[in-house]
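Here are my notes on the model you sent, point by point.

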Amino acid sequence: MHGRYWMIVLVLCWGTIAAAQPTPEQDKMRAEARTAYDKGDFAVAKDLTNRILAQNPKDHAALYLRASSRVELGVMKHDLKEIREGIEDSRESLKIGGGSEINYYLPYLYGMVSLATLEDKKDHANVALEVAKTVLGKTTLTPEQRANVLYQRANAHLFLKDLNSAIEDYQTAIKSFPGHVGSYMGLAQCYIISGQTDKALATFTSAVETLNNQLAYNNRGLFLQQQGKAQEALNDFNKAIELDPAFATAYTNRGFTNQGLGNLAAAEADFTKALSLEPGNPLFTSLRGTCRLSQGNVRGAIEDYTQALQLNPQNPVAQADLGFAKYFSKDFEGAYASFDQASQIDANGMRYLAPWKVWSLVLAGKPDAIDAIASVSMNKPEKDRDWIDAQVLFLNGKISEKELVDFVTKTTDPILKSRQLCEAYYFIGERRSQANDKEKAAAFYQHVLTTKETQLSAYRGAQFALQSFGSK
């Protein structure tokens with residue numbers, strides 16, 4: 001979703017696949033499994049096909065559907081074993097049903113490219129290329145089947161960073177079957193990666209005009225939002241929701257865009273709607289938590305972040321989010337515990353939490369406990385210290401306000417400089433507040449708000465310090 005494109009990754013064509021002497025009960029379960037798969041209920045589809053195959057292990061149509069469900073589940077959960085089992089089901093369905101069942105190759109190809117991505121192994125993608133080449137050589141392919149296989153081969157090329165071949169395959173897939181939404185999205189992604197934003201927008205627009213499809217509108221909206229065209233993005237998300245009122249992702253993307261515009265009440269309503277459609281989605285829960293925090297609703301934010309962690313306990317970002325919510329609720333010991341847990345899960349990715357861990361300990365009345373954190377920065381040669389080290393040293397009293405700000409002035413990137421100033425002003429305000437210099441502290445918090453770096457926790461901290469919340 002936020003920072004990547006939600007794409008169709010496996011296009012199933014059920015056609016008129018026949019099972020091996022199905023019973024009426026098996027026919028009914030297969031129809032239910034297809035419905036579950038189409039709705040994204042892959043676990044339900046897998047369970048139903050398990051029951052069919054327990055009665056009839058040679059039901060190649062059920063094997064194909066279970067293969068597709070397993071690969072989808074494996075990709076969602078990053079479960080390599082599930083993906084491999086899906087690939088094996090696909091092989092078995094082809095063995096029993098015959099190579100003329102072109103659709104049976106799709107979960108195999110999708111599974112191999114997914115393995116390549118998760119394991120970062122080119123061999124898997126190269127196998128997918130070879131198999132796709134063989135399938136595309138068959139003379140019995142329908143236009144839609146050809147597009148499906150070309151799409152999967154393009155994804156393999158994309159993983160291998162062969163953009164030209166990926167673009168060619170996506171374009172050929174669209175020519176073969178103009179309704180192939182996934183290929184439009186893949187083609188646009190290739191243009192984005194190659195920096196050809198005009199061509200990316202033209203591709204999204206072509207998809208919108210050709211298909212009038214909710215996914216096409218949603219993905220163009222994401223692109224426009226990332227290009228800084230928030231109102232145009234909202235228009236596209238509105239259209240996606242109009243076409244499919246149950247499209248949870250579009251509500252989430254509209255909420256994220258509204259939040260960026262400061263329309264916080266509308267954003268929270270969108271996240272709540274998305275959660276009503278997909279209650280078990282931890283990303284949606286976290287996003288609503290952040291929106292609630294931006295409105296000063298600490299209790300609601302803690303509830304959401306706690307639920308997100310229950311759904312995904314090993315997510316370091318969710319642990320950090322909960323830590324910030326506790327910090328702003330003045331539960332500094334609890335904040336430190338969450339920050340520390342996030343750091344244990346992902347030490348490198350969560351290193352930015354070091355200043356917040358230090359300050360949480362100070363505010364919790366445990367300044368002696370910060371030595372283990374501060375010593376890492378202290379022991380570095382001065383030339384090797386970065387912005388995180390500078391904040392830690394300032395909060396530990398080892399460098400002055402001027403030295404902290406001077407560190408920022410050396411930054412040449414204007415975007416990075418603005419973000420660093422936001423954090424510098426906030427922590428200077430915190431130190432002033434702790435020293436009971438409330439007037440100067442308030443002035444520094446106000447400086448934080450003038451940076452407009454609304455996505456930073458330091459900005460949110462200044463809002464809490466000044467009790468300055470609002471919604472357009």
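1. Lysine 366 has a relative accessibility of 38%, so it counts as partly exposed. In this predicted model, its side chain meets that of glutamate 333 in a salt bridge, with an N to O distance of 3.4 Å. The pair links distant parts of the chain, 33 residues apart: glutamate 333 is in helix H18 (residues 332-345), while lysine 366 is in the loop between helix H19 (354-363) and helix H20 (371-378). Glutamate 333 is also partly exposed, at 47% relative accessible area.

2. Arginine 254 and aspartate 270 form another salt bridge, and their closest N and O atoms are 2.7 Å apart. Here helix H13 (residues 248-261), which holds arginine 254, is linked to helix H14 (residues 264-277), which holds aspartate 270; the two residues are 16 apart. Aspartate 270 is buried, because its relative accessibility is 5% and the cut-off is under 20%.

3. Aspartate 437 pairs with arginine 432 in a salt bridge, at 2.9 Å between the closest N and O atoms. Both partners are partly exposed: aspartate 437 at 25% and arginine 432 at 21%.

4. The count of salt bridges comes to 29. Seven residues are joined in a network of them: Lys46, Arg66, Arg70, Lys81, Glu82, Glu85 and Asp89.

5. Isoleucine 174, in helix H8 (residues 163-176), is buried at 13% relative accessible area. Beyond its neighbours within four places in sequence, isoleucine 174 contacts Ser183, Tyr184 and Leu187. Its C-alpha atom is 9.8 Å from that of asparagine 148, 26 residues away along the chain.

Note on methods
Residues are numbered from 1 along each chain as its sequence is written. This is a predicted model: local features need pLDDT of at least 70, side-chain atom pairs count only at pLDDT 80 or more; totals for chains, interfaces and linings use all residues. Side-chain values use heavy atoms; hydrogens and water are left out. Helices (H or I, at least four residues) and strands (E, at least two) are DSSP runs, numbered from the N terminus. Buried means under 20% relative accessible area, exposed over 50%, partly exposed in between (1.4 Å probe, protein chains only). Contact means heavy atoms within 4.5 Å. A salt bridge is a side-chain nitrogen of Lys or Arg within 4 Å of a carboxyl oxygen of Asp or Glu.
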